[in-house]
Amino acid sequence: MITVIGTGTGAPPAEDVLGVAELVVGGQRHLDAVRLPSGAERVVLGPLAPALDRIEAYVGKQAPVVVLASGDPGFFGIVRVLAERFGPGLLDIRPGVSSVAAAFARAGLTWDDAVVVSAHGRELRTAVNVCRAQAKVAVLTGPGAGPAELGAALLHSERVLVVASALGDPERERVERVTPREAAGRDWGTAVSVVLCLDEARFSRGVRTVAGPAVGPAGWALDEAAFAHRDSMITKFEVRALALARLGPRLGDLVWDIGAGSGSVAVECARLGAAVVAVEKTGDGVERIRANAAAHEVDVRVVHGSAPGALSELDDPDAVFVGGGGRDLPAIVAGCAGRARRTVVVAMAALDRVPAVREALTGAGFSCDGVLLQSSRLAPLPGDVTRLAATNPVFLLWGVRPQEPDDIKGVAQ
């Protein structure tokens, strides 16, 4: 049996298994904090492969093994790799309190409605995008992905960061509330356990704090009446439905909505969990997007400006929707395609622009497909009869970048 013990705050006593262990594996601070039996071999965790091989040698001779870990080792912890290597039936797991639970407790907050994301050994951008989109997030930190880096990426977001360092250590534990700018300007050292990223204005009003179809309002491709718009200048729900399907917005993604107009696509992407930037050149359009985002209780960053110039200061997106652009549309699409990691979707009414947009997508290395959408809606007539009312036809083109399957296992909600 491999006994996996969570150390730190709330950890259960471990003398019963430590007293008979023949191999004890853990970080240096974990090993220094326990009394080991004489003759027991110690393995300090660094690279996992040598430690796993050593554990396998002891398992082969049926000798007792103890693995020490922080907090709850089944929560973004070593239990995953141990179960994959040796099978869950061989594990006796004794969890302590996770660093996330401890951090929220120190902050005096519930966390059943929080999103948890790990930046330890993973891309920081996923954690950043979750923090941009969600109101209550816990980020497990790692080298190069700590409070300073997180704060620097969130300078444009109205967030409060609660930085919890060395949780469970009675001498070194610290819990501090800072702005993203304050976090970015400090050297936090190596003892940080977890950072809480909070949009206090949203969850203090009782707004749901986890976006996404599983917990948010039912439905997507909402009727145009669900949005404020000017003179029916809005992406119709039939077009929006296919655009959303091709964009594939999800938790951890960053989506651009270029020429956002009413922001209907931006808002729907945010409702599905993505972080969203809407770019709009008109002042009244900017205010309309903000009003629609507030009405649907999502966070959309609105940039007042024109593409492609307004895009230079933005982080690279996973997906882009282009719904405006006029004569500059092919150049805008080419600029977006040069930076999009996965998908670019373009809606246009003018047939003449289709070849140039398609060339811009294929020239950037995307595979390109498209469709002409024409729909007729049921409309009432006098005498309790119904006719078909045609909507304007729209071309929808999408480019998809060939890529390796990505991994967002670092996100939980």
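**View 1. Lysine K136 is buried in this predicted model.** The relative accessible area of K136 is 3%, where buried means under 20%, exposed over 50% and partly exposed in between, with a 1.4 Å probe and protein chains only. K136 is located in strand β7 (residues 136-140); strands (E, at least two residues) and helices (H or I, at least four) are DSSP runs numbered from the N terminus. A polar atom of the K136 side chain lies 3.1 Å from the backbone oxygen of T110.

**View 2. Helix α11 (residues 264-271) is mostly covered.** Eight of its eight residues are buried, among them S264, E268 and R271. The buried residues of α11 pack against α10 (237-247), β11 (254-258), β12 (275-280), α12 (283-295), β13 (300-304) and β14 (319-322), contact being heavy atoms within 4.5 Å. Just after α11, G273 takes a positive phi of about 105°.

**View 3. Seven strands form an open sheet with mixed pairing.** The order is β13-β12-β11-β14-β15-β19-β16; two strands pair if DSSP finds at least two bridges between them. The edge strands, β13 and β16 (367-373), each pair on one side only.

**View 4. Strands β16 and β19 (residues 394-400) run antiparallel.** Seven bridges join the two strands. V371 has L396 in β19 as its bridge partner.

**Note on the model.** Residues are numbered from 1 along each chain as its sequence is written, and side-chain values use heavy atoms, with hydrogens and water left out. Local features need pLDDT of at least 70 and side-chain atom pairs count only at pLDDT 80 or more, whereas totals for chains, interfaces and linings use all residues.

Technical notes
A polar contact is a pair of N or O atoms within 3.5 Å; within protein, one must be able to donate a hydrogen and the other to accept it, and residues adjacent in sequence count only if both atoms are side-chain atoms.
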